[in-house]
Amino acid sequence: MEQDINVIEGKIEAVLFSMGEAVDREQIAQALELDVDTVVKIIHNMMDKYDAADRGVRIVELENAFQMCTKADYYDTLVKIINVPKKHVLTDVLLETLSIIAYKQPITRQEIEAIRGVSCAHAVNKLVEYNLVQEVGRLEVIGRPILFGTTDEFLRSFGVQSTDELPTITPDKIEDFKQQALEEAQLTFDPVKD
């Protein structure tokens, strides 16, 4: 017997609300005993309904998963009830390290240090603490170093559904970056003239 669409939507809401984090679409389909394509269509329809109505929540798609979250329009109201969440400050060093991980993932700490030319242990630890980076496995070599990659929180923070949506860096941009770095380095080493 086919399930009523309202019942299916209710079940999806219950799953997304109770989990409080992104839930893989295959898991949702399995729980509902439906095929993945049908579940995705239903959730996309729900997303449209939530966006069209004056609702306090919405559903977002992250990679192959969905999550229920609060609409940004109502953040001011939430702040009056709960403590203001701690804002993490991303310094230039953290942004540089995060960029390397985002574009080169999965990547080891040693590979990041080879690109940056300096130790990155503190930066990687901070990014893990901020939940922007996570351990995604181990490299199958002697010592089995940890591989790092970005998280769903990284995608949410930067407003993309997957890392495929990150801007492409063209060879001419790389040359521009190298030239800027050289100019900055030269400024640092030039003696100050009176």
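**Salt bridges in a predicted model**

Arg156 is partly exposed, with 32% relative accessible area. Let's start there. One caution before we go on: this is a predicted model.

Who is the partner of Arg156? Which residue forms a salt bridge with Arg156? Glu153 does, and the closest N and O atoms are 3.1 Å apart. Both residues sit in helix H8, which covers residues 152–158. They are three residues apart, about one turn of the helix. Glu153 is partly exposed too, at 27% relative accessible area. Why partly exposed? Because 27% falls between the cut-offs: under 20% is buried, and over 50% is exposed.

Now step back. How many salt bridges does the structure hold? Six. I'll take you through two others.

Next pair: Glu9 and Lys49. Their side chains meet in a salt bridge, 3.0 Å from N to O. This one links distant parts of the chain. Glu9 is in helix H1, residues 5–19. Lys49 is in helix H3, residues 36–52. Is Glu9 buried or exposed? Buried, because its relative accessibility is 9% and the cut-off for buried is under 20%. Lys49 has 39% relative accessibility, so Lys49 counts as partly exposed. Look at both ends of that bridge on the screen.

Arg116 is at 16%, so Arg116 counts as buried. Glu96 has a relative accessible area of 38%, which makes Glu96 partly exposed.

Last stop: Met19. Go back to helix H1, because that is where you'll find Met19. Met19 is partly exposed, with a relative accessible area of 48%. That 48% does not pass the cut-off for exposed, which is over 50%. Now find Gln67. Along the chain, Met19 and Gln67 are 48 residues apart. In the model, their C-alpha atoms are separated by 8.5 Å.

Quick recap. Glu153 and Arg156 pair up within helix H8. Thanks, everyone.

Key
Residues numbered from 1 in each chain as written. Predicted model: local features only at pLDDT ≥ 70, side-chain atom pairs only at ≥ 80, totals over all residues. Heavy atoms only, no water. Salt bridge = Lys/Arg side-chain N within 4 Å of Asp/Glu carboxyl O. Helix = DSSP H or I, 4+ residues; strand = E, 2+ residues; numbered from the N terminus. Buried < 20%, exposed > 50% of the residue type's maximum accessible area, 1.4 Å probe, protein only.
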